[in-house]
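Please open your viewer and keep the selection box handy. Here is a short walk through one structure, stop by stop.

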Amino acid sequence: MMRCLQIAAAALTAWFMLGTPAHAHYRFCNKTSYVLDGAIAFEADGRMKSQGWVRVLPGGCASALDGDIAEQDYFVFARSIDAHVGRVKYFSGNTQFCTLEDDFAIEGADQCALRGYDSADFLRVRTKAGKDWSTTFAEASEYTADQARIAAAQRLLKDNGFALNRIDGIAARNTLRAVEAFQRSANITVTGKIDDKLIDRLIEHAVEEQKAVGLDLCNKTDTLVWAAIGYANGEDDMSSGWVRIEPGNCRKAIKGKLDQAAYYVYAEGVDDAGAIARAGEDAMIWSGNNSFCIKTTRFEIRGRERCAARGFDERGFMRVETGGKPLRRIDFD
């Protein structure tokens, strides 16, 4: 018996399908217009474990965990990949587990930040014992698998700078013309065909596009750095964090072309005990005099007034001028 669970932005639906799986595993399926990276958490040998990432192309499925499925709670999480322009799309719940930016396998779900890990809010899935279980990530558009693949091609074409009016999962003439134009620009055989090979090439080119734009935060120290950013969102100011930056690495805090005159950044270096690290007599804190609200856990906060009254902490962020450039880099050293 194959059991499936679909996760949409605002709804959770379970259904059952007959079938004989080739081998036992927990699968993630993707019926969204986004390329997703997924992670799973579960109990094994009396301890909670989390692991990821598994790449799930739109219209397809991928194995997240091998082995027979127990009658127990599993926890799942997925996010859109960085190649997509705009804010990250999350498919999440309210149970926190530890993660890392790169592939990971972590034991224990407590004190993630103190142990040097990032974290994410996973969605609980109650399974039945059997050989196979599937969780499907979906959008309100309720695409079929084929429509999801077409919608993903449309989204990735837009990520690569091709003009399309809508993302609707319909392979109309404008979409096929854009596919052919991309294939010509990438010096690959012009077929107009939308398949996984095209999606892979679109991802590769979108990743390169993203390297030339956005706000990069780079850690030039020998300790772990956690950073937060502030920015304008319409008439409101927003703050969000935390961005985990390992020594010697960079992370893109804002994707796409920078369209604001300035952004705001706050960062802390932390030692192995999770305390603020020190460089000689100085605390490793990068700050300024522009107040924003923060939390100790992952956050996205609207407004920068009355932080304490709303249950938040307050920190001074430094102002980062963009100078009208599409890419800005900040080094923490």
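The tour starts with the whole chain and then moves to single residues.

**Before you click**

This is a predicted model, where local features need pLDDT of at least 70 and side-chain atom pairs count only at pLDDT 80 or more, while totals for chains, interfaces and linings use all residues. Residues are numbered from 1 along each chain as its sequence is written, and side-chain values use heavy atoms, with hydrogens and water left out.

**Stop 1: the whole chain**

Show the cartoon to begin with. The secondary structure comes to three helices and 24 strands; helices (H or I, at least four residues) and strands (E, at least two) are DSSP runs, numbered from the N terminus. The C-alpha atoms fill a box of roughly 65 × 55 × 35 Å along the principal axes. For 333 residues, a compact globule would have a radius of gyration near 20 Å, and the chain agrees with its 21 Å. That radius is taken over C-alpha atoms, and the globule rule is 2.2 Å times the number of residues to the power 0.38.

Of the 333 residues, 48% are buried. Buried means under 20% relative accessible area, exposed means over 50%, and partly exposed is in between (1.4 Å probe, protein chains only).

Contacts come next, meaning heavy atoms within 4.5 Å. Among the contacts with a separation of 6 or more, 65% are between residues 24 or more positions apart.

**Stop 2: the disulfides**

Select the cysteines. How many disulfides does the structure hold? There are four disulfides, a disulfide being a pair of cysteine sulfur atoms within 2.5 Å. Counting bonded cysteines along the chain, the pattern is 1-2, 3-4, 5-6, 7-8.

Zoom in on C29 and C61, whose sulfur atoms are 2.0 Å apart. This pair links distant parts of the chain, 32 residues apart: C29 sits in strand 3 (residues 25–31) and C61 in strand 6 (residues 61–66). The link of C29 and C61 is right-handed, with 105 degrees about the S-S bond. C29 counts as buried because its relative accessibility is 7%, whereas C61 counts as partly exposed at 41%.

Move on to C98 and C112, a disulfide with its sulfur atoms 2.0 Å apart. C98 lies in strand 9 (residues 95–99) and C112 in the loop between strand 10 (104–107) and strand 11 (118–126), so the pair ties together parts that are 14 residues apart in sequence. Is the link of C98 and C112 left-handed or right-handed? With -90 degrees about the S-S bond, the link is left-handed. C98 is buried at 0% relative accessibility, and C112 is buried at 5%.

Then select C293 and C307, with sulfur atoms 2.0 Å apart. C293 is in strand 21 (residues 290–294), and C307 is in the loop between strand 22 (299–302) and strand 23 (313–321), 14 residues apart. Their link is left-handed, with -85 degrees about the S-S bond, and both cysteines are buried.

**Stop 3: T99 and its contacts**

Go back to strand 9, where T99 lies. T99 is buried, with a relative accessible area of 3%. Leaving aside neighbours within four places in sequence, T99 is in contact with W53, F104, I106, Y117, D118, S119, A120 and F122.

**Stop 4: backbone details**

Most residues other than glycine have a negative phi, and most peptide bonds are trans. The next selections depart from that.

- G52 to W53: this peptide bond is cis, with omega near 5 degrees. W53 is in strand 5 (residues 47–56).
- G241 to W242: here too the peptide bond is cis, with omega near 5 degrees. W242 is in strand 15 (residues 236–245).
- D45: phi is positive, at about 55 degrees, although D45 is not a glycine. D45 is in the loop between strand 4 (36–44) and strand 5, and is exposed at 77% relative accessibility.
- E142: phi is positive, at about 55 degrees, although E142 is not a glycine. E142 lies in the loop between strand 12 (132–138) and helix 1 (145–159), and is exposed at 64%.
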